[in-house]
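User: I would like to learn how to read the sheet, the helix packing and the cores in a model. Can you take me through them one by one?

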Amino acid sequence: MAKLYFKYGAMGSSKSAQALITKYNYEENDMSVWLIKPSADTRDGADILRSRIGLEAKAEIITPETDIFLRFQESRQGKCDVVIVDECQFLAEKQIDQLRAIVNAFAVPVLCFGLRTDFQTRLFPGSLRLMELADVIEEIKTMCDCGAKAIINARIDGDGFIVTQGAQVVLGGNDSYIAMCHRCYVNGIREHKKIRLHGQKETDIV
C-alpha cells in the first residue's frame with residue numbers, strides 16, 4: 001500500500017543526499033521518479049537539487065501557487081511510480097494535503113525530506129501538516145559538536161552568535177546554520193558564546 005512519508009532531520013543530516021540516493025535506487029529498478037522541490041530553495045539554482053556530498057539532479061519547481069495534485073494528474077498520472085520531495089518544510093499546508101491526495105487517489109508513494117523546525121525551534125507549516133498527515137515519520141539523525149544528538153537548526157550571524165529573532169526562512173547552509181543539541185543551543189544563547197561553523201577556521205573566530 002502506498003504511503004506518505006516524512007523523513008526529517010536537522011541541518012547536515014544528509015536529507016538531500018538520501019533523497020537523491022532514493023531516486024537513484026528507484027531508477028535502478030526501472031521505476032519513474034517525480035523529483036520536486038519548493039521554489040523557495042534557490043541555493044543551488046532554481047531547478048537543481050544538490051547535496052553537500054556532491055550528488056545532484058534536476059528537479060521540478062513547485063511555487064506556492066502550484067496545485068501539486070492537479071500537476072500530477074495532468075502530467076504524471078500513469079507515468080510516475082514515486083514522488084520525492086526535498087525541502088518539504090517550505091511547502092504550504094494545502095500542498096501537503098495535495099500530496100496526501102496523490103497517495104490516496106493514485107496509490108503512488110510520496111517521500112518528503114526536510115527540516116522539522118526552524119531556527120527558533122518552531123515547526124514549519126509544511127512540516128506541521130506532515131506530522132499530522134504522514135503515514136510514516138522517520139528521523140534522520142545527526143550529531144551536535146558535543147557528541148549528543150542534534151535537534152536544533154541554529155542560525156548564526158556574521159559575528160558568530162546564535163540568532164533568536166528574524167524571518168523564518170533565510171536560506172543558507174554551513175555558512176549560516178549549524179545543527180546543535182538543545183543543551184548547547186541554550187548555553188550558547190545564555191553565555192552569548194561565539195559558535196564556530198563547520199568549515200570555519202579557529203582563526204576566523206575573533
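**Reading the sheet, the helices and the cores**

Analyst: Strands pair if DSSP finds at least two bridges between them. Helices (H or I, at least four residues) and strands (E, at least two) are DSSP runs, numbered from the N terminus. Within this pair, I84 has L111 in β7 as its bridge partner. This is a predicted model: local features need pLDDT of at least 70, side-chain atom pairs count only at pLDDT 80 or more, and totals for chains, interfaces and linings use all residues. Residues are numbered from 1 along each chain as its sequence is written, and side-chain values use heavy atoms, leaving out hydrogens and water.

User: In what order do the strands of the sheet lie?

Analyst: The general idea: strands in a sheet pair through backbone hydrogen bonds, parallel or antiparallel. Here the sheet is open, has six strands and pairs in parallel, in the order β5-β2-β6-β7-β1-β8. β5 (60-62) and β8 (136-139) are the edges; each has a single partner strand, so one side of each has no neighbour in the sheet. From one strand to the next, the twist averages 20 degrees.

User: Which strands does α3 lie across?

Analyst: α3 lies across β1, β2, β5, β6 and β7, at about 150 degrees to β7. Angles run from 0 to 180 degrees between N-to-C directions; axes are lines fitted to C-alpha atoms, for helices over the stretch in contact. α4 also packs on the sheet and touches β1, β7 and β8. Its direction makes about 130 degrees with that of β1.

User: How do I describe two packed helices?

Analyst: Give the angle between their axes and the distance between the axes. For α3 (residues 93-106) and α4 (residues 125-133), the axes come within 8 Å and cross at roughly 35 degrees. On the α3 side, E93, I96, D97 and R100 meet P125, G126, R129, L130 and L133 of α4. Contact means heavy atoms within 4.5 Å.

User: Which residues touch the most other members of the largest nonpolar core?

Analyst: A nonpolar core is a set of buried Ala, Val, Leu, Ile, Met, Phe, Trp, Tyr and Cys residues joined through side-chain atoms within 4.5 Å. Buried means under 20% relative accessible area (1.4 Å probe, protein chains only). The largest core has 24 residues, and V83, V85, L99 and V110 touch the most other members. α3 gives the most to this core, five residues. A second, separate core has 14 residues, including C144, M180, C181 and Y185.

Key. Buried < 20%, exposed > 50% of the residue type's maximum accessible area, 1.4 Å probe, protein only.
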